[in-house]
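This briefing goes through selected local features of one protein model, grouped by topic. Please read it with the sequence and the structure open.

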Amino acid sequence: MGELAGRTVLVTGAGRGIGRAEALYLADAGANVVVNDPGVEIDGRGGDGGIAAAVVDEIRARGGRAVADTGSVADWAAARGMVDRAVAEFGDLHAVVNNATIEVNKGLERLTEAEFDDVVAVKLKGTFAVSHWAAVYWRGQERADRAIVNTASGSGLLNPLPTQTNYAAANAGVAAMTTVHALELRRLGVRVNCVSPSMVRTRLTNPVPGMDQAPPDGQLDPKDPAVVAPLVAYLVSEGCPLTGQVLSVRGGSIAVNHGWARGAQVTKDGALWTVAELAESLAAQPLEDPFDRLATALGGALGVQGRDAFEAMVNAELDKD
Ligand SMILES: NC(=O)c1ccc[n+]([C@@H]2O[C@H](COP(=O)([O-])OP(=O)(O)OC[C@H]3O[C@@H](n4cnc5c(N)ncnc54)[C@H](O)[C@@H]3O)[C@@H](O)[C@H]2O)c1
C-alpha cells in the first residue's frame, strides 16, 4: 500500500511538466488522481484533450487510478466541475494541487490588457476558483485532514523578472492567498501551503540557456520536473503538520520562505514628515536595488557575467518593438 492510498488528489495543469510529474508520483504513492488539463499552448490558446488523457493512460498502465478533466481553471463552472468529478469518480476529495499556468512575457509598454488578464485569470483566479469550490465541498464534510498546495514562482517572490508583470503579480498573489487561506481554512481541518519551483526543465524554461544540460545517466537530474513531486506528496499526506508555508524548491534544496520582512525604519512623532526630512533620512537607509537581487539569483545561472552585462541583456529584451 502506498503512503497516499485512499486519498484523492486533483492536480490542475497536470498534462505536462511539473504537474504531470506530480500526478504520476501521487498515483504511484497510491492516490486517486484527477488529471486536469485543457492542453493549451504556452500562451493559453488552443486546446488538446489528448494531453490529460495521455497522463491518465500512463498512470493506469502503471497500475494506478486516475481520471481526466479538460476544464479550464479560469472558468468558474469548470473549476466546480473538477471538484465534482473527483467526488463522483472516487467518492471524496482530499487535496487540491493548484499548478496550472500560462505565460505571456513582454515588457510593460508592449503588454496588452488581454495578455495581462489571461495570465492572471489562469494563475491567480484559477487558484482561487478551484480552492473556493474545494472549500465549499469540504465545509459540508466531517472536518478531517484535507490540503491545498498552491504553486508560485521565484518571479513574484524572490526575483521578480522583467517581462513578467502579469506572471510575477499573479504568483505574488498566489503566495499571499496561501497564507490567507491557511488561516481561514484551519477551522475546516484544511492545510494550505505553496511550492515555488525553480529552474525546472519544462516548455516554460526551454529558452533559458543551460536548461537542456543534464548529468550523465544514473545521476539525479536537479532540473527534472519530478524534483517537486515528493514535497507535494508530503504536503497532501495525512498528518502533515505544515500550513501557511511557501517553500522554494531548486533541485534537492527546499527553502522555507519568510515573505516580506520589515527592513530599516525611520520614525517621526508628533508631526507629519516633510518631504525634505524624508529626502534626508529615508534615502540614507540601506535600500535594496531589486535588480541586484535578480542578478544574484539569475545572472550567474544564465551564464551572464557581471551585473551590468546582465542589465544590458534584460534592457535589450525590453526595448524590442
Ligand atoms: N518550470 C519552472 O522552472 C517553474 C518555475 C517556477 C514556477 N513554476 C510553476 O510550476 C507550475 C507548472 O509549470 P510548468 O513549468 O510545468 O509549465 P507547463 O507549461 O509545462 O505546464 C503547465 C500546464 O498547465 C496547463 N494549463 C494552462 N492553462 C490552464 C487552464 N486554464 N486550466 C488548467 N490547466 C491549464 C497547460 O496546458 C500545461 O499543460 C506553474 O504554476 C509555474 O508557474 C515553474
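Thr163 lies in the loop between helix H5 (154–157) and H6; helices (H or I, at least four residues) and strands (E, at least two) are DSSP runs, numbered from the N terminus. The model is predicted, with local features needing pLDDT of at least 70 and side-chain atom pairs counting only at pLDDT 80 or more, while totals for chains, interfaces and linings use all residues. Residues are numbered from 1 along each chain as its sequence is written, and side-chain values use heavy atoms, with hydrogens and water left out.

**Backbone in loops**

- Thr163 has a phi near 85 degrees, which is a positive value in a residue other than glycine.
- At 15% relative accessibility, Thr163 counts as buried; buried means under 20% relative accessible area, exposed over 50%, and partly exposed in between (1.4 Å probe, protein chains only).
- Met199 also has a positive phi, near 55 degrees, and is not a glycine.
- The loop between E6 and H7 holds Met199.

**Helix packing**

- Two packed helices are described by the angle between their axes and the distance between the axes.
- Helix H3 (residues 76–90) packs with helix H4 (residues 113–139) at an angle of about 45 degrees, and their axes are 8 Å apart. Axes are lines fitted to C-alpha atoms, for helices over the stretch in contact, and angles run from 0 to 180 degrees between N-to-C directions.
- This angle makes H3 oblique to H4; angles under 35 degrees count as roughly parallel, over 145 as roughly antiparallel, 65 to 115 as roughly perpendicular and the rest as oblique.
- H3 and H4 cross in a right-handed way. A crossing is right-handed if the near helix is turned clockwise from the far one by less than a right angle, and left-handed if anticlockwise.
- H4 also meets helix H6 (residues 165–185): the two axes come within 8 Å and cross at roughly 15 degrees.
- That angle makes H4 roughly parallel to H6.
- The crossing of H4 and H6 is right-handed.

**A largely enclosed helix**

- Helix H7 (residues 229–236) has six of its eight residues buried, so the helix is largely enclosed by the rest of the structure.
- The buried residues of H7 are Ala229, Leu231, Val232, Ala233, Leu235 and Val236.

**Salt bridges**

- Side chains of opposite charge can pair when their charged atoms come close.
- The whole structure contains 15 salt bridges, a salt bridge being a side-chain nitrogen of Lys or Arg within 4 Å of a carboxyl oxygen of Asp or Glu.
- Asp92 and Arg146 form a salt bridge, with their closest N and O atoms 2.9 Å apart. Asp92 lies in the loop between H3 and strand E4 (95–97) and Arg146 in strand E5 (residues 146–151), so the pair ties together parts that are 54 residues apart in sequence.
- Asp92 counts as buried at 15% relative accessibility, and Arg146 is buried with a relative accessible area of 8%.
- Arg201 and Asp221 meet through their side chains in a salt bridge (2.9 Å, N to O). Arg201 lies in the loop between strand E6 (190–197) and H7, and Asp221 in the loop between E6 and H7, so the pair ties together parts that are 20 residues apart in sequence.
- Arg201 is partly exposed, with a relative accessible area of 22%, whereas Asp221 counts as buried at 13%.
- Arg307 forms a salt bridge with Asp292, and their closest N and O atoms are 2.5 Å apart. Arg307 lies in helix H10 (residues 307–318) and Asp292 in helix H9 (residues 290–299), so the pair ties together parts that are 15 residues apart in sequence.
- Arg307 is partly exposed at 27% relative accessible area, and Asp292 is partly exposed at 34%.
- A network of salt bridges links Asp289, Asp292, Arg307 and Glu311.

**Surface and separation**

- Trp273, Leu278 and Leu282 make a nonpolar surface patch of about 230 Å². Patches are made of residues with over 30% relative accessible area and no salt bridge, with like charges joined within 9 Å and nonpolar side chains (Val, Leu, Ile, Met, Phe, Trp, Tyr) within 5 Å. Accessible areas come from the Shrake-Rupley method with a 1.4 Å probe, and for residues only the protein chains shown count as cover.
- Trp273 lies in the loop between strand E8 (253–256) and helix H8 (275–281).
- Asp224 lies in the loop between E6 and H7 and is partly exposed, with a relative accessible area of 31%.
- Asp224 and Lys268 are 44 residues apart in sequence, and their C-alpha atoms are 52 Å apart in space.
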